[in-house]
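The tour goes from stop to stop, with something to select at each.

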Amino acid sequence: MRCYETFELSFQGEAPKGSHAEVALSAVFTCGEKNWTVKGFYAGNNTYKVRFLPQTEGEYTWKVSGVVEKEGRETCTETESHGMVKTEGNHFVYQDGSKYLPFGTTIYALAHQPETLIDQTMETLKQAPFLRNTMYLVEHGE
């Protein structure tokens, strides 16, 4: 587990009877005197998941309860991250005080374009100062 990176627990179990959205699954993460309780969810294919974003280095214990009963221990190590993003006046900054510049773009019409135009757009955006479209890159094996 690394600080400011999503930590995911994954468990196998029977698919829920009834609603897949309302699943009784939660986990308590503990580091020192601090506790965080997070909800889990059914991810399909007989898989349940719990996701947690650790913000403190150190030794963590976790205990999952509900449709899955498990517990364990993880060590959270430092990362290259500057921490969480927050507002400071009219600007964004990382938790450590360094500037966060949210450059991005939205291309809603992309889903309605021919594949050749989508590819051309993505090639153009690779050279632009925007964050890359992760969903497109994963779907296209990049």
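Start with the loop between strand S3 (34-44) and S4: Asn45 sits there. Strands here are DSSP runs of E with at least two residues, helices are runs of H or I with at least four residues, and both are numbered from the N terminus. Select Asn45 and check its backbone: phi is near 50°, a positive value in a residue other than glycine. Asn45 is exposed, at a relative accessible area of 71%. The cut-offs are under 20% relative accessible area for buried, over 50% for exposed, and partly exposed in between, with a 1.4 Å probe and protein chains only.

Now select Asn46, which is also in the loop between S3 and S4. Phi of Asn46 is near 60°, again positive in a residue other than glycine. Asn46 counts as partly exposed, at 37% relative accessibility.

A word on the model before going on. It is predicted: local features need pLDDT of at least 70 and side-chain atom pairs count only at pLDDT 80 or more, while totals for chains, interfaces and linings use all residues. Residues are numbered from 1 along each chain as its sequence is written, and side-chain values use heavy atoms, with hydrogens and water left out.

Next stop: Glu8, Lys49 and Arg51. Select these residues together; a network of salt bridges links them. A salt bridge here is a side-chain nitrogen of Lys or Arg within 4 Å of a carboxyl oxygen of Asp or Glu.

Which residue does Glu8 meet at 3.2 Å? Lys49: that is the distance between the closest N and O atoms of this salt bridge. The pair links distant parts of the chain, with Glu8 in strand S1 (residues 7-12) and Lys49 in strand S4 (residues 47-52), 41 residues apart.

Move on to Arg51. Its side chain meets that of Glu8 in a salt bridge of 2.5 Å, N to O. This pair also links distant parts of the chain: Glu8 is in S1, Arg51 is in S4, and 43 residues separate them.

Are these residues buried or exposed? Lys49 is buried, with a relative accessible area of 19%. Glu8 is partly exposed at 35%. Arg51 is partly exposed at 43%.

Now pick Lys17 and Glu14. They form a salt bridge, with the closest N and O atoms 3.7 Å apart. Both residues are exposed. The count for the model comes to 4 salt bridges.

Zoom out and color by secondary structure. The chain has 2 helices and 8 strands. Along the sequence the pattern reads β-β-β-β-β-β-β-β-α-α.

The C-alpha atoms fill roughly 50 × 45 × 25 Å. The radius of gyration is 20 Å, whereas a compact globule of 142 residues would have one near 14 Å. That radius is taken over C-alpha atoms, and the globule rule is 2.2 Å times the number of residues to the power 0.38.

Switch to contacts, meaning heavy atoms within 4.5 Å. Of those with a separation of 6 or more, 52% join residues 24 or more positions apart.

Last, show the whole surface. The accessible surface is about 10,100 Å², and 51% of that belongs to carbon and sulfur atoms. Areas come from the Shrake-Rupley method with a 1.4 Å probe; for residues, only the protein chains shown count as cover. Of the 142 residues, 25% count as buried.
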